[in-house]
Amino acid sequence: MAFLEFVLLALFKWAQLRLRRNSFFLLLLLLLVIRVLDQVPLRAQSDESREYQIKAAFLFNFVQFVKWPGTSFPNPDAPFRIGILGDDPFGSALDGTIHGESIDSHRLTVTRAEKIEDLQDCQVIFVSRSEESHVSEILSQLNSKPILTVSETQGFARAGGTINFYLTGGKVRFEINPQSAQHCGLKISSQLLSLGKIVEP
C-alpha cells in the first residue's frame, strides 16, 4: 500500500502542475486521493511522515481555493509566503511540495519563525502544536489581517482560526471557520467548504 500512496501523491503533484487553472478537475482528483488514502489509517509514529506529506498537500491546495485581497501583496512579483510558527512538524515535506510552484505569478516560499511578529507579511500561517497555549494571543496579534491561519490544535477553528487539521480513525480531516475567513477578507471557494467540516466560533 505504501507504493500506491507514493503513486497517488506523485499523480496528485503532477496534476497540480497541469490542472491548476481547472479547479473542478483538481478537486475531483483531490477527492480521489483522499478516498484511497482513507483506506489506510495512520497507525503509529512510523506514519507521522505520511501524515505531514498529506497535510503539506492539503496546505498547497488550500491556497488554490482561497482568494486574497489585492492589497495582500506589495507588488505583482512579491512571493506568496507560507509561515510556520513554532516547531516545524513537516520536515522537508512542505518545501518539497511547493518547490518551483507559484500562485497567480507569486512564487511560493516557506518561512519559519518562533515569533508571530516575524510572520506578519505571510499569506498563510501554520500554527504549530508547540504554540497551543498561545493561540488566543497569536490570533489577536494578527488583528483581522488577510492571513489564512491553519493549525492542528484542538479548538483552533472555534477560537477564531480559519482551518484546523484533526485526525479521526487515524485519518486526516480538516474543519473550516468561514466566519473567520470572511472577517479577515478572505474568500473560500464553495468547493473547499464542501470538503471540510464547518464550525462556528
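## Strand pairing, aromatic pairs and confidence

In the β3–β4 hairpin, two residues lie between the strands, and Asp-104 adopts a positive phi near 50 degrees. Strands (E, at least two residues) and helices (H or I, at least four) are DSSP runs, numbered from the N terminus. This is a predicted model: local features need pLDDT of at least 70, side-chain atom pairs count only at pLDDT 80 or more, and totals for chains, interfaces and linings use all residues. Residues are numbered from 1 along each chain as its sequence is written, and side-chain values use heavy atoms, with hydrogens and water left out.

**Strands.** Two strands pair if DSSP finds at least two bridges between them. Strand β3 (residues 102-103) runs antiparallel to β4 and is joined to it by two bridges. Ile-103 has His-106 as its bridge partner in β4. On β2, the pairing is parallel: six bridges join β2 to strand β4 (residues 106-113). Here Gly-83 is bridged to Thr-111 of β4.

**Aromatic pairs.** The whole structure holds nine aromatic pairs. Rings of Phe, Tyr and Trp (its six-membered ring) pair if their centres lie within 6.5 Å; planes under 30 degrees apart count as stacked, over 60 as edge-to-face and the rest as tilted. Two of the pairs are tabulated here.

| Pair | Centre distance | Plane angle | Class |
|---|---|---|---|
| Tyr-52 and Phe-90 | 5.5 Å | 80 degrees | edge-to-face |
| Phe-58 and Phe-62 | 6.0 Å | 25 degrees | stacked |

Tyr-52 and Phe-90 link distant parts of the chain, 38 residues apart. Tyr-52 sits in helix α3 (residues 48-62). Phe-90 sits in the loop between β2 (80-85) and α4 (93-98).

Phe-58 and Phe-62 are four residues apart in helix α3, so about one helical turn separates them. Phe-58 is buried at a relative accessible area of 5%. Phe-62 is buried too, at 1%. Together with Phe-165 and Phe-174, Phe-58 and Phe-62 form one aromatic cluster.

**Confidence.** pLDDT is the predictor's confidence in each residue, from 0 to 100. The chain averages 83, and 76% of the residues score at least 70. Over residues 1-7 the pLDDT stays under 50, and the model has six contacts for them beyond four places in sequence. Residues 42-46 are also below 50, with six contacts beyond near neighbours in sequence. A contact means heavy atoms within 4.5 Å. Where pLDDT is low, the predicted coordinates should not be read in detail.

Note on methods. Buried < 20%, exposed > 50% of the residue type's maximum accessible area, 1.4 Å probe, protein only.
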